[in-house]
Amino acid sequence: MVRKLSKNRLFHSYFKDWVELYKVGAVRDVTLNKYNITYRRLKELAPDLKISQLNRMTYQKLINDYALTHEKQTTMDFHHQVKAAILDAVDEGLIERDPTRKAVIKGKNPGDKKQKYLNQSELQTLISTLDLKSVINRDWFILLVAKTGLRFSEALALTPNDFDFKNQTLSISKSWNYKNKRGGFIPTKNESSNRKIQLDWQTCMHFSNLTIGLPKDRPMFIRRRIFNSTINDYLKRKCTDAGIPVISIHGLRHTHASLLLFAGVSIASVSRRLGHSNITTTQQTYLHIIRELENKDNHKMMQFLATIV
């Protein structure tokens with residue numbers, strides 16, 4: 001039961017009810033879990049903060065306290081979730097002015113980051129070590145993610161029906177709920193994630209043989225409950241044995257996108273292939289690569305312009 005609105009309510013209590021009212025049943029379980037984590041952090045950092053006490057200074061202190069133990073991007077995510085609830089409180093007349101206005105987002109210095117992607121030579125080395133048998137296994141899963149850039153949950157949800165071998169396309173229309181012990185199909189991350197992607201002829205040939213005799217509407221890679229950490233540990237061993245940098249399954253998605261960008265594929269095409277909600281997401285994720293490519297383009301332009309006399 002959502003409690004009566006009051007300026008004297010504890011803010012973390014208001015946030016909890018706000019999540020229950022607006023987010024339960026409206027967002028995916030993984031997103032809802034992030035809101036619940038935010039609630040727990042609010043309760044820890046500001047156990048006595050009332051709605052009536054929210055102003056720019058008290059809010060900035062809250063953000064600063066959170067930032068002491070989190071990196072800037074994580075602090076930004078926390079800020080966005082809390083701000084959404086606060087703006088509703090403003091609309092409801094519980095707060096006179098938006099205390100989140102001009103909030104300064106800080107964060108601790110990032111630690112050593114694992115390499116996010118492989119170069120072409122490293123990826124080829126990894127693929128050469130895969131045990132690609134005549135039946136579906138984890139190595140085929142790794143190869144398919146590397147060839148398509150699918151999200152982990154999208155790749156788990158693939159069925160033989162999703163392949164169009166005649167037109168060499170793969171339809172992405174669902175994800176697999178691997179975080180729930182019951183599993184099952186769930187919607188993709190967003191509307192843009194529902195897409196068809198082109199496959200190369202070698203991948204089509206391999207999977208046209210691998211899917212023979214498999215149930216058409218059942219996930220190909222699911223035999224029992226599967227964990228992201230299990231596949232990542234397996235991939236780590238593969239990378240170590242191959243003598244290349246260790247990356248995660250999600251790192252293969254970054255590898256796929258990075259190699260396409262370096263090959264000259266447009267940022268818009270890469271964005272659609274990855275199923276990003278907008279091109280800005282792609283630009284922000286691969287900003288370092290885009291800048292490197294721009295530097296190469298500038299060099300080419302100057303070389304060309306120098307020939308015009």
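Predicted model: local features only at pLDDT ≥ 70, side-chain atom pairs only at ≥ 80, totals over all residues.
**View 1. Contact of helix α6 with helix α8.** The axes of α6 (residues 138-148) and α8 (residues 201-210) come within 12 Å and cross at roughly 145°, in a left-handed sense. Axes are lines fitted to C-alpha atoms over the stretch in contact, with angles from 0 to 180 degrees between N-to-C directions; a crossing is left-handed if the near helix is turned anticlockwise from the far one by less than a right angle. Helices are DSSP runs (H or I, at least four residues), numbered from the N terminus. W140, L144 and K147 of α6 are in contact (heavy atoms within 4.5 Å) with Q202, T203, H206, F207 and L210 of α8.

View 2. In α13 (residues 287-305), I289, I290 and L293 are buried, that is, under 20% relative accessible area (1.4 Å probe, protein chains only), whereas exposed means over 50%. The face turned away from the buried side carries the exposed residues R291, N295, H299 and M302. The cover over the buried residues includes α10 (249-262), α11 (267-274) and α12 (279-285).

View 3. T282 belongs to α12 and is buried, with a relative accessible area of 0%. Apart from neighbours within four places in sequence, T282 contacts I267, V270, S271 and H276.

**Notes.** Residues are numbered from 1 along each chain as its sequence is written, and side-chain values use heavy atoms, without hydrogens and water. Local features need pLDDT of at least 70 and side-chain atom pairs pLDDT 80 or more, while totals for chains, interfaces and linings use all residues.

Notes:
Helix = DSSP H or I, 4+ residues; strand = E, 2+ residues; numbered from the N terminus.
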